[in-house]
Amino acid sequence: MGETVGRIIFLNGTSSSGKSSVAYELLDVLDDEVWFHLGVDRFNAMRTKRAMEQAQFDEALKRTRMGFHRSIAAMAEVGNNVVVDHVLSEPWRLADCLDVLSPYRVLFVGVRCGLDELIRRETARGNRPSGLAAVQYDLVHRHGDYDLECDSGAYSPRECAEQIRAFLPNQPESTAFGRLREGAGR
């Protein structure tokens, strides 16, 4: 690893919870250094769109997610600050992030939103499978530990970004990623 390691702000929440909107606002309010937004949806958009059998698609999706996690580490390793937005809806995704990002200090932020609002947003977007947010609702936060949580149903993306910015200087030594790693015996 280089002398200067980048910082990582990791936003986790369901589809349509507002993670990307919060990430864009963070790029605007974090004016102390250069930051990059690495979004899982943008990473997925790079993958071929050809039709695949379900098993083939599932394997491609897993490799895509694993590559995404490693790209976060690669950016931070060379000194880039990164705002990540992700949907940790399967236990292996969090486990892989805990392993791959173990050399880095990660601010783990839960982006929450009420189910009724998620469904309203999902319907309004029209670019997600109907019911996706509801399926993910109980899955993405089941690990139960964050450094900070923001409610994107009660606060605007800008207000959530301001909450995160205000928390950064006060981030305790003990991080959620560290505690989750210890709890998993890593």
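## Salt bridges

A salt bridge here is a side-chain nitrogen of Lys or Arg within 4 Å of a carboxyl oxygen of Asp or Glu. By that rule, the structure holds 15 salt bridges. Keep in mind that this is a predicted model, where local features need pLDDT of at least 70, side-chain atom pairs count only at pLDDT 80 or more, and totals for chains, interfaces and linings use all residues. Residues are numbered from 1 along each chain as its sequence is written, and side-chain values use heavy atoms, leaving out hydrogens and water.

Take Asp96 and Arg70, whose side chains meet at 2.8 Å, N to O. They sit 26 residues apart, Asp96 in helix α4 and Arg70 in helix α3 (helices are DSSP runs of H or I, at least four residues, and strands are E runs of at least two, numbered from the N terminus). Asp96 is buried at 10% relative accessible area, while Arg70 is partly exposed at 36% (buried means under 20%, exposed over 50%, partly exposed in between, with a 1.4 Å probe and protein chains only).

## Helix α3

Look along α3 next: its 24 residues should span 34 Å at 1.5 Å a residue, and its end C-alpha atoms are 34 Å apart, which agrees (the expected span is 1.5 Å times one less than the number of residues). Its buried residues include Leu61, Phe68 and Ile72. After α3 comes Gly79, with a positive phi near 100°.

## The core

Ile72 is also among the residues that touch the most other members of the 23-residue largest nonpolar core (a set of buried Ala, Val, Leu, Ile, Met, Phe, Trp, Tyr and Cys residues joined through side-chain atoms within 4.5 Å).
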